[in-house]
Amino acid sequence: MESFTIVIEYKTVKYGLVILPSFTIRQVKQAISDNLDIVVSNQVLAYHSVILDNDKTVGYYGISESSQLVLIENAFQNSLVNKDTGLLELNSWLDFLNTDFESASAFVRDVDYITSKIHETETIPYSLDCVDNALAYIAKCADRAGKLYALATELSQKYLFLQSECNRFHGIVDGFKTDQLKELQQLRSQEQIATPLQAAPSLPQPTMRNAIDEYLWWLDHEKEAASSTATSCPQEWMTPIPSMISMATMNSMISTGDADADADASVGETALLHLPMYHANYFVPRAEEEISVHNREGVLSVLERVRAHPESFANIHVLDFSYASLGNEGFAELINTFTNSDIPITELHLAGNQLTCNQIIFLIHQVRVPYRQSNPDFHNSVFPQLRLLDLNDNLLGNEGVRQLFTLLRYNCYPDLQQIFLLNNGLTTEVTSSLINVTLHEKNAVNVVIPETQLALLLEEDRAALLKLYHRIDKNSAVFVDLDHPSSLLFVQLYLLTVCSALVNCVERFAFKNMLITDETLAVVLSILHRYVLYNRCQRVTSISFINCKLGDPQLSAICKLVEEMVRHGATHIGFLGFDENEITAAGVRELITLCDSLNAQFSVARNPIGDDGFRDYLSHFFAQHFAAIDAIDFHGCCLTRASLPPLLEILEAEQAKQAEQAKQAKQGEKVPLSICALNLSDNLLGDEAVDDLLKVFSLLPSLHNVYLDHTNLSSAGVYTIISYFLKHKPTSTLYISIRCNNMDGVECANMKEVIKAGIASNDMFLIDLD
């Protein structure tokens, strides 16, 4: 990926800036910040009088070599913003809530007033000597309004959470009152008490352990506690963090070049040595070990059953409630249900549930983090065995992720190995810290966002990911192709991105030239399994694993995934490709069963299926689906002469059927398609198979391509085959390849002369002997 130079005009001065075609506008602003010391949030870039969006790439706007961008510095007035953040300082109950209400009402009136002023002045023409000042002022107002909007959104969520907590707390206290009154009434009726105070027994503590005073205390003291308490987390999360990623770091993440290749590989390999990658040791979770529900009503029903009969769920290890729209109340129900539960949950998938910072704060209080500071041995009773937490596609934002790391700072989840945080609205401030945390030598958790994983990947993997992102931006990611040896981190991030960003638009999955170990396949299938459960891959028509070193057990797991895809709406799967693997006849039988039920085709060329596998294919699939098959391709399948008689038998039967169907065709019925290609290369056929091959040729008059390379034929066998085709000249173009057989140079030259003389009058006939 070649860099180029653009021109930045700032206050009548022009600067040259070297960038990459894949840069986003935000990355361009970061480069400007590194050179001109203007923070990114204060920059406005324009190109041909168009204000550039931070999330778009330079290519989107057609920016190329020597393009000139105009830079405007847009400094904010921090006093107003800081005044607004005072709304979050809730140091008392009712007094401050009343003050907040009055202030918020004043803000509403101010907005109405400013809006009316805009409407009054929008028709007034501005002269050239002041129009620039007017534009700068209007831009400041718009940006400030955007900041206040974001703040108001956060406030609304916090107040909604506070209201919910107050209502719940009110219910708890009211329950205490009701229980005590019932006890008093019972004791009085038994005349076993002297006074009500003496009669009241001690009541058990409620399981809800997040009273309002604890919540307010946490809001006031969390930052102070974080800075004064020793932690096991890297120091970057305890000290002020850099506001931006340096361009050197960014370049190392996305640029190309041989100069940095060795260092790049060293960093990636070193980081991968200590970085954990938790996935269960099975390819796809067994039904008895997983609860997977993706609508709110279904989740609440499951949680009710868990509370009523927890013993029935003792073997559950995986909870997947992704894209169920849980929201605040649903999340609280989930956490309360599994507080003090003995169910050994190791994976929790909550992607796409509109979770915000408030839900993480709620979890913090259920885990009792404030008390854990003074008692490090305090036992976490909420998912204590958790190893994988999936929070992709939520609304955590910067503050939500910081709160999430509070749980790690106090080692609340010692077994946690992976957290998925794709698409949570994180800014560069937090992603840069996450990169530092991930690369830290003592880090025990893989925080999965694109930035952290790119920092660990090699150049080829980064280029493949950037290509995927570009195709997603262009809405052209129809084919998902992984075609080079890749690390486990890359495969995981690539497929997680597909699962998160591509909803019912992928038509093909193709994995090529990869050494897919059991661990890699577990990652691939577990992510695709979730992709299926979320009903996001219903347009898939083709799945291929080419040259991936797969055996029969791995093939069986993939077949189960395909069956699951079909059950969830992927009814258009028409082809499964498994060329160049290590599949045997047993694997072929499983493929036949699956493809027969799907009415789909499959390919197993260059697999050691032998004559048994080929015979199973002929008798249990080929004969039943003959009308849909236009090629017989079993090159490199360890076939011998013994595989040809069963093929002849079926072809003769099909010829008889075709003759009958030809008669019926006059009445409007369709004649089956003829086979036009035969590939038996790289098999040990020998001259003994020549007679049977000639019979096969006679039964397939529509052949266009015949491949018999590396089939151990002698010059006599080759001559017999060529003579057959010279005698039975084709009526359409025919290509025959009989290369690399047992002929020396002289025999080959003589054979070419024979061929040249025989086909001189037929230019549609081509035979390849070289």
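How many residues does H17 have, and what distance does H17 reach from its first C-alpha to its last? The legends below take up this helix and then several salt bridges. The model is predicted, so local features need pLDDT of at least 70 and side-chain atom pairs count only at pLDDT 80 or more, whereas totals for chains, interfaces and linings use all residues. Residues are numbered from 1 along each chain as its sequence is written, and side-chain values use heavy atoms, with hydrogens and water left out.

**View 1. Helix H17 and its surroundings.** H17 has 14 residues and reaches 20 Å from its first C-alpha to its last, close to the expected 20 Å at 1.5 Å a residue (the expected span being 1.5 Å times one less than the number of residues). Helices (H or I, at least four residues) and strands (E, at least two) are DSSP runs, numbered from the N terminus. Of the 14 residues of H17, 13 are buried, so the helix is largely enclosed by the rest of the structure; buried stands for under 20% relative accessible area, exposed for over 50% and partly exposed for values in between, with a 1.4 Å probe and protein chains only.

**View 2. The salt bridge between Arg539 and Glu507.** A salt bridge is counted where a side-chain nitrogen of Lys or Arg lies within 4 Å of a carboxyl oxygen of Asp or Glu, and in this pair the N to O distance is 2.8 Å. Because Arg539 lies in the loop between helix H18 (518-533) and strand S14 (542-546), and Glu507 in the loop between helix H17 (488-501) and strand S13 (508-512), the pair ties together parts that are 32 residues apart in sequence. Arg539 is partly exposed at 40% relative accessibility, and Glu507 is partly exposed at 23%.

**View 3. The salt bridge between Asp612 and Arg615.** The side chains of Asp612 and Arg615 meet at 2.5 Å, N to O. Both belong to helix H21 (residues 610-622), where, being three residues apart, they are separated by about one helical turn. Asp612, at 46% relative accessibility, is partly exposed, as is Arg615 at 31%.

**View 4. The salt bridge between Arg641 and Asp692.** Here the side chains meet at 3.8 Å, N to O. The pair links distant parts of the chain, 51 residues apart, with Arg641 in the loop between strand S17 (631-633) and helix H22 (644-665) and Asp692 in helix H23 (residues 690-699). Arg641 is partly exposed at 39% relative accessibility, whereas Asp692 is buried at 8%.

**View 5. A network of salt bridges.** Glu290, Asp320, Glu347 and Arg530 are linked in this network. The count of salt bridges comes to 16.
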